[in-house]
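Reader: Could we go through this model together? I would like to start with the overall composition and then move to particular regions.

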Amino acid sequence: TATVSVLNCLPLVRLLSVVPTPASPMSPLDSASLDERFRAMVAPGIGGFSVELQRPDGSVHRGVYGDGRVEEASMIRWYSQSKVWGGTLLALAKHRGYISGYDDLLETHLLEFAREFSVIVPVDAAEEGAATVMSFNKVTQKEVIYHYRLLPADRKITVKDVVSESAGIGYEQWAEMMPDRPDTHAYGIAHELRQTAAGQKLFYASTSIVGSEMTTREWASAVVTAGVLVAQPGELCYGNQATVLSYLLETLYNKHEPSPDGAWRPLSAIAAELLFRPLGLSDAAFFLPDGDVRAERVPGGWGWDGAELVDHQALFPNRVAPSHNAVDHMSGPRVWESFDTGLVMPLAEYGAFIAMLLRKGLSREGTRIIPEDVATDVTSSVFLKGRVADFYSTFGSQGLDFFTNFSMGWAVTRDPDSGIQICTWGGYASTGVFAFPEYGAYVIIAPQVYGYGPHPNPVPAEVKGKALELLISALRSSTDKVAQ
């Protein structure tokens, strides 16, 4: 992807379908007002983005803003906004009796997890008996030596842990982005030990998120073989728990809903049967095969080099994986089907899923997609109330207590001023969703700009904050709550 000059990031707006316009043309949520507000959010650090906003009356505003790098039909990489889809299929599995409840031990359903795990404790090099592991920091482009000891896990991993990002897995990027913080080093240590367990196959890399050469079953096996956790079960350790969840979902649905020929169905087939096809999502996928015309609609992936947006991978000259995030959905192994970070689809299709959750399991057309109690589980469960590492406070926004409320694949929290409930999360390419179950409203913003890299870029997070404030300020003065 060619470098994009800051001078070319002009506030160009192309209007899309608006279905229909609210009755009051002076409403802060009428199309003209929304276009003006979103147009003003365009800045060099984000380039361009698409937006879908559903008002409390169910009407929808869609627009594309900025320099054209994201279009109406773009196949957006949703990354961590895939997690709530996994939470939805887990809630459906519970409804169907495939698990007794979210407090089930993981080993009840995945027998390989019936082992004793150890928790990594980073220590100073001088500590007697400390173990050592070497890692390569892709952000600083430097090798680092970690020292650690192990403590026994104080309890078993539960199903609730894997859906609330508290099962001891965690992304290695926390150690790379905050190398001066010892409380992040366990993430880098665990990653290296799991990569050793994976052998010659790529386990995972934040420069190639969906490019692992392992299936989720093989991936989970490497986690078990390494036998280490970055935190005690029940403590937030954000990242890749949903990959274990994905393997769990494959296992549950293949066991209880076997295919006629007895063949193992991959997660993509299960998701297509239960969510994609019922919702009429013709483009949604984990990966695109060679020659798939949808690949032409996957935007470039950009990162901030300190002055302008460039091809994200140009920021990592010595990356670990030969492939990279911009192409992994349509080239390379394409076997790591995970709700952790895997889904790619147009914004309108992602919006149809969120609208279904807010309509208590009904599509916009009135078709029952999931039972009402499943939608309620996804939009109201609050699991994570335990220990949260201090460094996660770095990612707080708008006063919302995101991480201490992470449940079912996203955060279920409340606006501190009005008490309005918000279901929210974001993705690795700076996408974001803010959904309001009490009002049947949401806003989704979809750039394709990666925050991971050597140069901070606060612009995408600022734009998401403005999008949230735009909608919630209208809801604070609204009485149009949906029937509860």
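Reader: Before anything else, what conventions apply to the predicted model?

Author: The model is predicted, local features need a pLDDT of at least 70 and side-chain atom pairs count only at pLDDT 80 or more, while totals for chains, interfaces and linings use all residues. Residues are numbered from 1 along each chain as its sequence is written, and side-chain values use heavy atoms, with hydrogens and water left out.

Reader: How many helices and strands has the protein?

Author: The protein has eleven helices and 16 strands. These are DSSP runs numbered from the N terminus, with helices being H or I of at least four residues and strands E of at least two.

Reader: And what percentage of the residues count as buried?

Author: Of the 484 residues, 61% count as buried. Buried is under 20% relative accessible area, exposed is over 50% and partly exposed lies in between, with a 1.4 Å probe and protein chains only.

Reader: Among contacts between residues at least 6 apart in sequence, what percentage join residues at least 24 apart?

Author: The figure is 71%, where a contact means heavy atoms within 4.5 Å.

Reader: Let us turn to β2; is that strand enclosed or open?

Author: Strand β2, residues 48-54, is largely enclosed by the rest of the structure, because seven of its seven residues are buried. G48, S50, E52 and Q54 cover one side, and F49, V51 and L53 the other.

Reader: Which strands does β2 join by bridges?

Author: One is β3, residues 60-66, joined to β2 antiparallel by seven bridges. Another is β16, residues 441-446, with five bridges, also antiparallel. Two strands pair if DSSP finds at least two bridges between them.

Reader: What is the order of the open sheet of four strands?

Author: The order is β6-β7-β5-β8, with mixed pairing. β6 (131-137) and β8 are the edge strands, each pairing on one side only. β6 runs antiparallel to β7, residues 142-152, and seven bridges join them; V133 has Y146 as its bridge partner in β7.

Reader: Moving on to packing, how many residues has the largest nonpolar core?

Author: It has 117 residues, and those with the most contacts inside it are W85, I354 and W410. Helix α9, residues 347-358, gives the largest share, nine residues. A nonpolar core is a set of buried Ala, Val, Leu, Ile, Met, Phe, Trp, Tyr and Cys residues joined through side-chain atoms within 4.5 Å.

Reader: What is W410 in contact with?

Author: Leaving aside neighbours within four places in sequence, the contacts of W410 include V84, I354, L357, V378, C423, W425 and V433. There is also a second, separate core of 27 residues, with F436, A441, V463 and L475 among them.

Reader: How many cavities of 30 Å³ or more are there?

Author: The count is two. A cavity is a set of points on a 1 Å grid over the protein atoms alone where a 1.4 Å probe fits but cannot get out, and lining residues have an atom within 4 Å of a point. Grid points are joined across faces, edges and corners, and a volume is the space filled by probe spheres set on the points.

Reader: What lines the largest cavity?

Author: Its lining consists of G170, E172, H191, R194, F203, Y204, W219 and N240, and its volume is about 40 Å³. That lining has three nonpolar, three polar and two charged residues. Ala, Val, Leu, Ile, Met, Phe, Trp, Tyr, Cys and Pro count as nonpolar, Asp, Glu, Lys and Arg as charged, and the others, Gly among them, as polar.

Reader: Which residues of α6 are buried?

Author: In helix α6, residues 216-226, they are T216, W219, A220, A222, V223 and V224. These buried residues pack against α5 (185-198), β8 (228-229) and α7. G227 follows the helix with a positive phi near 70°.

Reader: Finally, is Q200 buried or exposed?

Author: Q200 counts as exposed because its relative accessibility is 82%. Q200 is in the loop between α5 and α6.

How values were computed: On a 1 Å grid over the protein atoms alone, a cavity is a set of points where a 1.4 Å probe fits but cannot get out, and a pocket is an open set with protein on both sides within 12 Å along at least five of seven lines; lining residues have an atom within 4 Å of a point.
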